Amino acid sequence: MKKNINLSGNNPKRSYFLPIASLIFSVAMFLLVGRAVANNAVLRSIFSCQAQGLGGLVPTVDVWYQQGTNLSFIPAGEVIKKVWLNDPSQVTMDFDGPVCMQFGQEANSNSGDCKNSAANVIQLRRIQKLDIPGLPSTSNTLLTVVTEAQGKNKLYTFRVIYKTDAPEYHTLAVFPDPSGQEGACSRVLQ
């Protein structure tokens, strides 16, 4: 006795199952992949006026142990003139070009490398906390950046947040203020 086994799946009662299952699987994968891509964005952006705090909020930049975080002023066309980091015990800084370095009482912004500052990117990296006498332990710090573009200076402050989880992005890019878009940097009432 020979049994007739149908391996092709052409059973008239089940002919709709495969296309529907395939469609459901495809939609589920699309949603999962889209969500994963959104959660692992490599670039975050902010307008210059927002980064300056003109909207009433201090912008944040996160730093992790696993990788550095770039703070880029390239899209805004600005050159970094000077940088301060309130708590240097947990973050290192590097630049893509020369930046003004001043120490002591005799600091003069018109001398030395302050005239030749040419960096556009700050690279921040979280490190194990260093014990610096007199420096209190904090969960974050303040980064202050002075930039110049077309002969005008801008002052930026960023709250640097120390993170221990997996990195969420690697670059925070500062873009020029939008033209013709009212409200992009409106003051936020608190």
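A: Ser45 has Ala173 in strand E9 as its bridge partner. Strands (E, at least two residues) and helices (H or I, at least four) are DSSP runs, numbered from the N terminus. This is a predicted model, in which local features need pLDDT of at least 70 and side-chain atom pairs count only at pLDDT 80 or more, while totals for chains, interfaces and linings use all residues. Residues are numbered from 1 along each chain as its sequence is written, and side-chain values use heavy atoms, with hydrogens and water left out.

Strand E1, residues 43–47, pairs with E9 in the parallel sense, over five bridges. Two strands are said to pair if DSSP finds at least two bridges between them. E9 itself covers residues 171–175, and four of its five residues are buried. Buried means under 20% relative accessible area, exposed means over 50%, and partly exposed lies in between (1.4 Å probe, protein chains only).

E9 is also paired with strand E3, residues 69–72, in the parallel sense, over three bridges. Here Asn70 stands opposite Thr171 in E9, and Leu71 is opposite Leu172 in E9.

Strand E3 also holds Ser72. Ser72 has a relative accessible area of 8%, which means that this residue is buried. Apart from neighbours within four places in sequence, Ser72 is in contact (heavy atoms within 4.5 Å) with Asn120, Val121, Thr171, Leu172, Ala173 and Val174. The side chain of Ser72 also reaches the backbone nitrogen of Ile74 at 3.3 Å.

Ser72 stands opposite Val121 in strand E6. E6 spans residues 121–126 and is joined to E3 by four bridges, the two strands running antiparallel.

Taken together, the strands form an open sheet of five with mixed pairing, in the order E1-E9-E3-E6-E5. E1 and strand E5 (91–95) are the edges: each has a single partner strand, so one side of each has no neighbour in the sheet. From one strand to the next, the twist averages 20 degrees. For such angles, axes are lines fitted to C-alpha atoms, for helices over the stretch in contact, and angles run from 0 to 180 degrees between N-to-C directions.

Conventions. A polar contact is a pair of N or O atoms within 3.5 Å; within protein, one must be able to donate a hydrogen and the other to accept it, and residues adjacent in sequence count only if both atoms are side-chain atoms.
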